[in-house]
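Good morning, and thank you for coming.

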Amino acid sequence: MSAFDVAVVGAGPAGSTAAYRLATAGARVLLVDKAVFPRDKPCGGGVTGRAARVLPFSIDPVVEDRVERLECRLNYRRRFERRARKPLALMTRRSRLDHFLLRQAAAAGAEVRDGVKVADIRFDGLTVDGEEVRARVVIGADGCNGAAARSLGLAEGVMHGVALEANVPYSAVPRSRYGGVMVLELGVIHGGYGWVFPKRDHANVGVGGYASEGPHLRAHLRRLCEEHGIDPDAATDMRGYRLPMRTPASRLARGTAAVIGDAAGLVDPFSGDGMYEAFLSSQLVAEAALDVLAGRTGGLEPYERAVARRITPLTAAGWGANVAFDRFPRTTFAIAALPATFRTLEKLLVGDLDRPGAARGLEHAAIRLIYAVARRAGDPGRDYRAVAV
């Protein structure tokens, strides 16, 4: 039997970053994953500027493109384009990003075991390839399909969206058209959007929305490709996946155990992005875990309260934008096209603004307009704002 201060289950962006922070602070950390790295994961592969700013190191070695332009259309017709003053997102691939983050954790001193069988996850440890491992703190970071949350009785009642993506080589679509630009097709699928994201040698195309759209995703993706002059048969690596979104009552911590990232359902309900939430929740749980290890607190509940302060307001805003676009797409699109709205979005994506409600002046007025439309649409974000502290 081996013993560690912290056991982290899952070596994706949240898990590896949490392991890095804890190991850097001097904790004895075990990081385990059932997959052998490098491995790929279905994901658009965008790391927003604000997500990159949360990281304690640069991810430049795995960046394949930088997005400075945003192009939005409604129902493949009405269109606007905006250019940002800073990169809105860094484009990468999960096979490269996740392996890079894993190596950072290992270099910081975490013991990494990939390609292992993890079982019996509990509050005081777990079993790894049949070996009993004791840990003072256990962190679940094994994604929405992992066993950690279920084993620990956390993140119950998580809802799921669905997405389908594929890759198109630049031999089939011009890089000059999509390089440096993020294309969003709004109003084409309930509860979500279609996208075209640039990478080094290909474009990533995808659609995502409510779970009820699952049976229609292939048709939506084919339409997206056709609208962009892309031969659907040229698309490769087609993969579907779920997008976990927590409910307001979901518990994220109990005693000395917690869940982070996708395992906690921390995906933005509007954008479907979970990278910022993964990096921020890893920071928040690391801070809480270090307090437990130092004897300053008895459990990780402060982490859950920190999520309520730092992430839940964004979740509420995401739900508001989601239902506003779904119920009143033309009105919401017109508001989104306002220069003041884009300035707010730009500040949010690059990390200069921590939540939409913190906008000022005309930018605040634009956000209030979207909130008004969301309320008319029956905004579920109200339930999240009620639990934010």
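Let me begin with a definition: a residue is called buried under 20% relative accessible area, exposed over 50%, and partly exposed in between, using a 1.4 Å probe and protein chains only. This is a predicted model, in which local features need pLDDT of at least 70 and side-chain atom pairs count only at pLDDT 80 or more, while totals for chains, interfaces and linings use all residues. Residues are numbered from 1 along each chain as its sequence is written, and side-chain values use heavy atoms, with hydrogens and water left out.

I turn now to salt bridges. In general, side chains of opposite charge can pair when their charged atoms come close. The term salt bridge here requires a side-chain nitrogen of Lys or Arg within 4 Å of a carboxyl oxygen of Asp or Glu. How many salt bridges does a search of the whole structure find? The search finds 31.

One of them joins R85 and E346, with 3.4 Å from N to O. R85 lies in the loop between β6 (78-83) and β7 (89-91), and E346 in helix α11 (residues 339-350), so this pair ties together parts that are 261 residues apart in sequence. Helices (H or I, at least four residues) and strands (E, at least two) are DSSP runs, numbered from the N terminus. Is R85 buried or exposed? R85 is exposed, because its relative accessible area is 64%.

D352 sits in the loop between α11 and α12 (361-376), K86 in the loop between β6 and β7, and 266 residues separate the two. D352 is partly exposed at 41% relative accessibility, and K86 is partly exposed at 40%.

E71 is buried, with a relative accessible area of 4%, whereas R177 is partly exposed at 28%.

Next, consider E185, in strand β13 (residues 181-186). E185 has a relative accessible area of 0%, and is therefore buried. What do polar contacts (pairs of N or O atoms within 3.5 Å; within protein, one atom must be able to donate a hydrogen and the other to accept it, and residues adjacent in sequence count only if both atoms are side-chain atoms) join to its side chain? The side chain of R73 is joined to that of E185 by a polar contact of 2.7 Å, and the side chain of H228 by one of 2.8 Å. Leaving aside neighbours within four places in sequence, E185 is in contact (heavy atoms within 4.5 Å) with residues including Y76, Y193, G194 and L224.

Finally, the cysteines. A disulfide is a covalent bond between the sulfur atoms of two cysteines; the criterion used here is a pair of cysteine sulfur atoms within 2.5 Å. The structure holds zero disulfides. C72 is in none, and the nearest cysteine sulfur, that of C225, is 18 Å away.
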